[in-house]
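Here are some exercises to work through with the model open beside you. Try each task first, then follow the solution step by step.

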Amino acid sequence: GGSELFWHDMINQCGIGLFGSSDPSNQMAIHANIISFAILASFIKIASGKVRIISKDADPVPRDVASKLLSLELLFHFIKMWHAAVCPKDTVTTDTDDGDLYDPTTKSQGNVTNATMTMIYLIRRMVVPTMLSNTSASIEDCRVYQRVLRITSHLWCIPYFRRKMKVDLAILIEHFVLKILC
């Protein structure tokens with residue numbers, strides 16, 4: 001079915017186009033980045049799915065809700081683990097300077113740095129629209145809202161993401177927090 005085609009396209013078309021390199025010394029890192037991208041894309045695809053409604057009771061289809069909740073939880077875990085893998089725990093970060101004390105460009109060279117910046121870009125361009133597309137599901141189910149808010153607050157609480165995603169996080173906070181308070 002469509003699942004095999006999705007994985008094939010994410011790995012062989014999109015992933016190689018984003019992270020591919022002809023440098024044979026980094027093949028393991030390139031492959032890890034491609035697989036990470038494919039996993040992120042899968043979580044985004046499932047989390048962006050619509051929750052169908054059973055017509056006679058106006059109740060959501062349990063399988064759709066469970067898939068959405070699981071994919072949002074896995075998306076949160078992916079973001080958390082990706083950050084832990086990229087930024088060492090003992091690295092000091094601060095928001096008071098204009099410069100980063102942890103700047104991936106100073107710690108690594110070439111494809112690893114490009115891969116990190118590409119993955120941040122993908123998180124910005126895939127996760128934020130996914131959160132926004134879950135607005136109606138968040139209104140209808142507080143468990144979805146809880147997970148969307150959890151991902152948003154996690155991105156906000158990590159200085160690395162906050163520096164790279166200022167506008168994106170402002171949109172999410174306005175949409176899911178400030179509008180609720182008004």
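This is a predicted model: local features need pLDDT of at least 70, side-chain atom pairs count only at pLDDT 80 or more; totals for chains, interfaces and linings use all residues.

**Exercise 1. The overall plan**

Work out which helices and strands the protein chain has, and in what order they come.

*Solution.* 
- Step 1: count the elements, and you get nine helices and two strands.
- Step 2: walk along the sequence, writing α or β as you go; the pattern is α-α-β-β-α-α-α-α-α-α-α.
- Step 3: check burial, and 38% of the 182 residues count as buried.
- Step 4: consider the surface; the chain exposes about 10,500 Å², and carbon and sulfur atoms supply 60% of that area.

**Exercise 2. One alanine**

Decide whether Ala-41 is buried or exposed, and list what it touches.

*Solution.* 
- Step 1: locate Ala-41 in helix 2.
- Step 2: compare its relative accessibility of 5% with the cut-off; buried means under 20%, so Ala-41 is buried.
- Step 3: set aside residues up to four places away in sequence, and Ala-41 touches Phe-6, Met-10 and Met-126.
- Step 4: take Met-126, which is 85 residues from Ala-41 along the chain; their C-alpha atoms are separated by 8.0 Å.

**Exercise 3. The nonpolar core**

Name the residues that touch the most other members of the largest nonpolar core.

*Solution.* 
- Step 1: this core has 44 residues, and the ones with the most partners in it are Leu-40, Leu-75, Trp-82, Val-127, Met-131, Ile-151 and Phe-161.
- Step 2: see where the core comes from; elements giving it two or more residues include helix 1, helix 2, helix 3 and helix 9.
- Step 3: zoom in on Ile-151, whose contacts beyond four places in sequence are Leu-72, Leu-75, Phe-76, Ile-79, Val-127 and Met-131.

**Exercise 4. Helix 9**

Describe the span of helix 9 and find where its kink is centred.

*Solution.* 
- Step 1: helix 9 covers residues 166-181 and reaches 21 Å from its first C-alpha to its last, close to the expected 22 Å.
- Step 2: pick out buried residues in helix 9, among them Leu-169 and Phe-176.

Note on methods. Residues are numbered from 1 along each chain as its sequence is written. Side-chain values use heavy atoms; hydrogens and water are left out. Helices (H or I, at least four residues) and strands (E, at least two) are DSSP runs, numbered from the N terminus. The expected span of a helix is 1.5 Å times one less than its number of residues. The bend at a residue is the angle between axes fitted to the seven residues ending there and the seven starting there. Buried means under 20% relative accessible area, exposed over 50%, partly exposed in between (1.4 Å probe, protein chains only). A nonpolar core is a set of buried Ala, Val, Leu, Ile, Met, Phe, Trp, Tyr and Cys residues joined through side-chain atoms within 4.5 Å. Contact means heavy atoms within 4.5 Å. Accessible areas come from the Shrake-Rupley method with a 1.4 Å probe; for residues, only the protein chains shown count as cover.
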